[in-house]
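Subject: Structure handover

Hello,

I am passing this structure on to you. Please open it and keep it beside this note as you read.

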Amino acid sequence: MPITPATATHSSSNGTADAILLELVDEDGVTIGTAEKLAAHQPPGQLHRAFSVFLFDEQGRLLLQQRAPGKYHSPGVWSNTCCGHPYPAEAPFAAAARRTYEELGVSPSLLAEAGTVRYNHPDPASGLVEQEYNHLFVGLVQSPLRPDPKEVGATAFVTPAELAQRHTEDTFSSWFPTVLDAARPAIRELTGPAGW
């Protein structure tokens, strides 16, 4: 994983990872504290700040990510390009750009805010809960991907019709339909006549 100012503060000097803290928020997205990542996802879940990224190629196809099979939360399912949590006091935009690079080895050539959405999605497979105030971002990717295999199992660029077909064949993250629907106005503005 590349060391960035944000990740450097979350690694100990002996190379072991410190507990990852998330920013707890109220219903208006105002920071009210912090919690350890796994604890925030234990039922009933603590409302925390998150982000979701939707990147498209020049043909208007959405980049999907299959989460690596070794992830403790929602392993092996398909989802949006990238998602995650800002560190406490890290701007959601900076976190979105950072994690896109860490997971996929690429920096978006364009990344724009696309609103927020609040949701509560239990994950029956893991027993964990996504209780999130999610900042949405849309953008373009024009460089070759270099996915980190510890984070990403596979990637695929899809049209709206191909995504609909995949929904009948593959398992998607519990949050994917919610964040996609919330981001659609910005996606349509970005992709034009691609059909999103």
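Below are the side-chain contacts, grouped by type.

First, the ground rules. This is a predicted model, in which local features need pLDDT of at least 70, side-chain atom pairs count only at pLDDT 80 or more, and totals for chains, interfaces and linings use all residues. Residues are numbered from 1 along each chain as its sequence is written, and side-chain values use heavy atoms, with hydrogens and water left out.

Salt bridges

Side chains of opposite charge can pair when their charged atoms come close. A salt bridge here is a side-chain nitrogen of Lys or Arg within 4 Å of a carboxyl oxygen of Asp or Glu. The search of the whole structure gives 11 of them.

Start with Arg49 and Glu23. Their closest N and O atoms are 2.6 Å apart. This pair links distant parts of the chain: Arg49 sits in strand β3 (residues 48-56) and Glu23 in strand β1 (residues 21-25), 26 residues apart. Helices (H or I, at least four residues) and strands (E, at least two) are DSSP runs, numbered from the N terminus. Arg49 is buried at 8% relative accessible area. Glu23 is buried too, at 8%. Buried means under 20% relative accessible area, exposed over 50%, and partly exposed in between (1.4 Å probe, protein chains only).

Now go to helix α3 (residues 92-104). Glu102 bridges to Arg98, with 3.3 Å between the closest N and O atoms. The two are four residues apart in the helix, so about one helical turn separates them. Glu102 is buried at 5%, and Arg98 is buried at 8%.

Arg99 and Glu103 form another salt bridge, at 2.9 Å between the closest N and O atoms. They also lie in helix α3, four residues apart, about one turn.

Which residues are linked in a network of salt bridges? They are Lys71, Glu90, Arg98, Arg99, Glu102, Glu103 and Glu151.

Cysteines

A disulfide is a covalent bond between the sulfur atoms of two cysteines. The cut-off is a pair of cysteine sulfur atoms within 2.5 Å. The structure holds zero disulfides. Cys82 is in none; the nearest cysteine sulfur, that of Cys83, is 6.3 Å away. Cys83 is in no disulfide either. Cys82 is buried at 0% relative accessibility, and Cys83 is buried at 14%.

Aromatic rings

Rings of Phe, Tyr and Trp (its six-membered ring) pair if their centres lie within 6.5 Å; planes under 30 degrees apart count as stacked, over 60 as edge-to-face and the rest as tilted. The whole structure has three aromatic pairs.

Phe56 and Trp196 are edge-to-face, 5.7 Å centre to centre with 70° between the planes. Phe56 lies in strand β3 and Trp196 in the segment after α5 (176-191), so the pair ties together parts 140 residues apart in sequence. Phe56 is buried at 0%, and Trp196 is buried at 5%.

Phe93 and Phe137 are edge-to-face as well, at 5.8 Å and 75°. Phe93 is in helix α3 and Phe137 in strand β8 (residues 129-140), 44 residues apart. Phe93 is partly exposed at 37%, whereas Phe137 is buried at 2%.

Finally, a charge over a ring. Arg166 lies over the face of Trp78, 4.6 Å from the ring centre. The test is NZ of Lys or CZ of Arg within 6 Å of the ring centre and within 35 degrees of the ring normal.

Best wishes
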